[in-house]
Amino acid sequence: MRLGVPALVLILLSGAALAHGPTPQKVDQSIVIAAKPDVVWKVVGEFAGIGSWHPDVARSEGSGGNGSGGQRKVMLKAGGTLNEGLDEMSAAGLSYSYRLSDPDLKALPVSSYSATLTVSPEGDGSRVEWLGRFYRGDTGNEPPEDLSDEAGRTAMNRYFADGLKGLKAKIEGNAAP
Amino acid sequence: MMGVPVIGQHAWAGLILGLAPCVAGAQTVYVASQGAGTLVALAPGSASGGAPLAVGRGPAQMAAGPGGQLYLTHPDTGRVTLVDESGGTVRRTYPVPGQPFGIAISADGAQLYVGDWAGNRVMRLSAESGTLEGTVPVGREPAALVIDGRGMLYVADRESRQVSVVDTTAMARVATIPVGEAPFALTLSPAGDRLYVANVRSGTVSVIDTANRRTVATFAVGGMPYGVAVSPDGARILVTDQRAGTLVVVDAVSGATLAAVPVGRYPEGVAVAGHRAYVANWFSDSVSVIDLTTLRETYRIAVPEGPRSLAVPPRAGR
């Protein structure tokens, strides 16, 4: 069978609206903080409390608690809202995993992601690692520049790096000498 | 972590003892790296990979033909690449409509069945020329494809929470089987009587009776199951959990979790060769090799960026 050009165009366009594309991308950021892991975890381990430490976040609110199934709504200063669901909270492991519930291209130019934030000991302090897997904003084969893999990598890495810098500043600024 | 080198020594000892009689039947495992656009051969028992072969941008899924040739899909560029049976040369690249993702090959090697991720259909292509010979509609976002010995093709329709069954002789969908949320990976039992489905968002494995075409059990695995394989005796199901970074070993009858073997980050594809399982650690750019007797990781092989798919071509000379 042979497909005409209009049919092909329709097929390609229909992919753009779907939530997932075939090429996942990495985001990987970490930072060292001069405070014990349990001190860092007290700040970062409250899923809905991201607004208290992430400098790009105007406000955050949660529902459904701080365990699997909990939700947070993260309103960004630059506009847009991230609705995220908590997949797993490990207070003992100082780690939680979550994912984007609905894409908001105004907030981040990505269509979906899952991510994990982990606090571990490093020397006398802590290392916070924030990593994830995401798909670009337009998962069709001809994405515009602002919804490309590159745009997604830039935005996600900046958002994670900004957050960790803000977390470090908040904790180290408040820590007793 | 401490245990890895120790277990590794045991594995090496076993390997050296077992090597001579097994060489002829030993299988090479191939790993495709989507980020790097490469294919790497892992020789039997080797703790390092061969030289990477450039196969073009973004290879996502891969299948081996009966003669040992490998076919790779490239969804971003709309291509299928054919690598010769030695694994060392790109023999051909065809343009394919849509976003080619999952791939399966007919038993005689003449036809390729390729899922069009964005087009919600399966295409039949000539393996020789890449010519589009037919299509059949399936559910939304067809992910993995597997074919059985009778030419029945199973398609994981990721966003339709179902498996489509396609009779490839007629190129007609003959059944849809409801499964868990976001089915992504599939594998058939060695006897072909069971199809195991990894459901990413429900954290489960659906067990399908292929004769009756219905789900007969749903095993809770937890996390995000992204890859599935079966042990050669059919007794154990091997599932990658992308969230925990583990290979979960499940009893194929009871569904009980026998072990959760730590591997790299965001593990995806899993394949079995002999008594070892190979896991593609997408985030960590490595392949974990798990001894299926001890259920421990014996070594970890660095590979180019973004490994997702593995293939184990049939043994030569059979």
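In this predicted model, strand E8 of chain B (residues 100-105) has 6 of its 6 residues buried, so the rest of the structure largely encloses it. E8(B) is tied by 4 bridges to strand E9 of chain B (residues 111-116), and the two run antiparallel. One spot to look at is Pro100(B), which sits opposite Asp116(B) in E9(B). The hairpin made by E8(B) and E9(B) has 5 residues between its strands, and there Gly109(B) takes a positive phi near 80°.

Further along chain B comes an open sheet of 4 strands, ordered E12-E13-E14-E15 and paired antiparallel. Strands E12 (142-147) and E15 (172-178) of chain B stand at the edges with a single partner strand each, so one side of each has no neighbour in the sheet. Going from one strand to the next, the twist averages 25°. As for what holds such an arrangement together, strands of a sheet pair through backbone hydrogen bonds, either parallel or antiparallel. Strand E14 of chain B (residues 162-167) is joined to E15(B) by 6 bridges, again in antiparallel fashion. Within that pairing, Val163(B) has Ile177(B) in E15(B) as its bridge partner.

Now for the nonpolar packing. The largest core counts 98 residues, and the members touching the most others are Val205(B), Val228(B), Leu238(B) and Tyr278(B). Tyr278(B) is a handy one to follow: setting aside neighbours within four places in sequence, its contacts are Val29(B), Leu42(B), Val270(B), Ala271(B), Ala273(B), Val287(B), Val289(B) and Leu310(B).

Read from the N terminus, its elements go α-β-α-β-β-β-β-β-β-α. Of the 177 residues in chain A, 36% are buried. Among chain A contacts with a separation of 6 or more, 53% link residues 24 or more positions apart.

The mean pLDDT is 88, with 85% of the residues of chain A at 70 or more. Among the elements of chain A, strand E3 (residues 71-76) has the highest mean, 98, while helix H1 (residues 5-16) has the lowest, 40. Across residues 1-19 of chain A the pLDDT is below 50, although this stretch makes 31 contacts in the model beyond near neighbours in sequence. Where pLDDT is low, predicted coordinates should not be read in detail.

Conventions: Residues are numbered from 1 along each chain as its sequence is written. Chains are lettered from A and ligands numbered from 1 in the order in which they are written. This is a predicted model: local features need pLDDT of at least 70, side-chain atom pairs count only at pLDDT 80 or more; totals for chains, interfaces and linings use all residues. Two strands pair if DSSP finds at least two bridges between them. Axes are lines fitted to C-alpha atoms, for helices over the stretch in contact, and angles run from 0 to 180 degrees between N-to-C directions. A nonpolar core is a set of buried Ala, Val, Leu, Ile, Met, Phe, Trp, Tyr and Cys residues joined through C-beta atoms within 7 Å. A residue is buried if 20 or more other C-beta atoms lie within 10 Å of its own, exposed if 12 or fewer, and partly exposed in between; C-beta atoms are placed from the backbone. Two residues are in contact if their C-beta atoms, placed from the backbone, lie within 7 Å. pLDDT is the predictor's confidence in each residue, from 0 to 100.
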